[in-house]
Structures are given as structure tokens and as C-alpha cells.
Amino acid sequence: MILACQNIHKAFGEKVILKDASFHIEEREKAAIVGINGAGKSTLLKIIMGELAADDGQVIITKGKTIGCLAQHQEMESNGTIFQELVTVKQDVLDLEARIRSLELSMKHAEGAELQELMDNYARLNHDFEQKNGYAWKSEITGVLKGLGFDESQFATPIHTLSGGQKTRVALSRILLMHPDLILLDEPTNHLDLGAIEWLEEFLINFENTVIVVSHDRYFLNKVCTQIADIDYGKIQLYAGNYDFWYESSQLLIRQMKEANKKKEEKIKEL
């Protein structure tokens, strides 16, 4: 388990949005939060993100896990360009590369035990560098930006000149490049064209960690998600399946409830 929401309660004035809402998500799961407009999908996501406090209950995230969050209305302020902003995500890789280059210079003038120690450190740092995909960090940034609809001619565009939708795409690019343990996405397809949506679908399907999505794009959810958290009258019901499975299951439940109510009404009339 990577995330658990336990007995979450949230109300705005007299309007109760979430009432003793509980569910948990396993590691590497791709989950969607669904429900009618106003059911509390974005509210729940904000509570999980820590942007909004629950009135009661708790959110538990496994200790030590990293989180990347994309809000529906993403704010982004930066003095740099699109590419420069995303390079900052790879700062640990750049620092690691600098340490490797420094060791290479030191090894030229060392010998004996000192040289052996430097070589051992060099081997360890090189292994870490390869694990972080250090030799391909530039192409990784380029691939994500192009995938989300940016042309290379736009890479040098200052962040402050971008539209709101473009800033959201840069923020999404940043999250994907972080490779966090848990990604939380609120309406990620709003500012994407069809090609970018298809690219994002494939990225998330192949993403090795956990994803939780709020979206009105049923085709996107059906393609990406295999777990559905349905918010209904403040409660949450989990369905192990894609969007189509959840929809068919929920419609069956509605029909069963209607049939049960009809039988009750018929019995009352007989009395």
C-alpha cells in the first residue's frame, strides 16, 4: 500500500462533500477518482495533495515516498526558459556528473591505495549515474516536451510569456521527469491535443510507479486506469477494473436498486 484515506470528512458550510470516505491504493496501481460533478473528486485530490485540510479523518502516505502533483489550475512562476526549468529536475544528475568528472581528474595524479579508493568511488558513482539515466537526460527532457506538444523551437521560450495552458503542460512535463513514487493528476488532458493525450496515455501505462487521476475524459481513464474510486453521496467504493467495468457495474447496481424499490412499492400497495 502506498496511500490510504481513512474516514475523510469534508463539508463547506452545511454542504457535506465527503462523509467517512475511506479507500487505499496499492503501489504501482493506476487509479481514477470518478463521480458526478460536485461529488468531491477535486476536493479529495486536494486533501490528498495537502492543499486542503479535511474536517476529520486522515491521509496516510507510505514514509519516504516521493509525490508529484498536478493541480487543475497550475501556477508556475519562473525567470527561466521551458528547457531551463526542466533541467532543474535533473540537478541531482548534473551534480553527480560533476563529481564523476572531478574524480577522473584526481585519478590522473593518484596512485596506490589512494588511486584504488578513487576508482571504487568512481565505479559507484558511475553505477548511480547509469541508474538515473544520466547519459540520456537531455534526450529524456526533449522526448517529454515533444510528447506533450512542444516544438523544439519553443524550448527557449521564457516561462513568464506562456499561456496558462502551456504552463500547465510544462508543470506536467516536470512531474513526469521527476519519476515520483506517486503521481496525482487533476484533469491532465485539459490542455492537450489528441496526439499529446495518446502520448501521455502510453507514458502512464508504462510508468513503473503509482498514478491517481481525476478526469472527465472517459476514454483516457479507460485506457490508463485499472482501479476506480467512485465517490457517491460522500462515500467511496473501489472497483477493480477499468472505466467501462466501473460504469457497467454501477449501472447494474442502479437497476438492482430500482427493482428492489419497485418490489417494495408493490408490496405496500398490496397491503
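**Ground rules.** I number residues from 1 along each chain as its sequence is written, and my side-chain values use heavy atoms, with hydrogens and water left out. Since this is a predicted model, local features need pLDDT of at least 70 and side-chain atom pairs count only at pLDDT 80 or more, while totals for chains, interfaces and linings use all residues.

**Entry: aromatic rings.** I looked up ring pairs and found six aromatic pairs in the structure. Rings of Phe, Tyr and Trp (its six-membered ring) pair if their centres lie within 6.5 Å; planes under 30 degrees apart count as stacked, over 60 as edge-to-face and the rest as tilted. I then checked burial (buried is under 20% relative accessible area, exposed over 50%, partly exposed in between, with a 1.4 Å probe and protein chains only). Phenylalanine 129 is buried at 2%, whereas tyrosine 135 is exposed at 58%. Tryptophan 246 and tyrosine 247 also pair edge-to-face, because their centres are 6.3 Å apart and their planes stand at 65°. Here tryptophan 246 is buried at 10%, and tyrosine 247 is partly exposed at 37%. I also noted a cluster of Trp199, Phe203 and Phe207, linked by ring pairs.

**Entry: charges over rings.** My test was NZ of Lys or CZ of Arg within 6 Å of the ring centre and within 35 degrees of the ring normal. Tyrosine 247 came up again, with arginine 218 over its face at 5.6 Å from the ring centre. Arginine 169 has its charged end over the ring of phenylalanine 150, 4.3 Å from the centre.

**Entry: methionine 107.** I found methionine 107 in helix H3, residues 91-107 (helices are DSSP runs of H or I, at least four residues, numbered from the N terminus). Is methionine 107 buried or exposed? At 19% relative accessibility, methionine 107 counts as buried. Which residues does methionine 107 contact, leaving aside its neighbours within four places in sequence? They are Leu115, Leu118, Met119 and Tyr122, where contact means heavy atoms within 4.5 Å. Methionine 119 is twelve residues away along the chain, and the two C-alpha atoms are separated by 7.4 Å.

Definitions and conventions
Helices (H or I, at least four residues) and strands (E, at least two) are DSSP runs, numbered from the N terminus.
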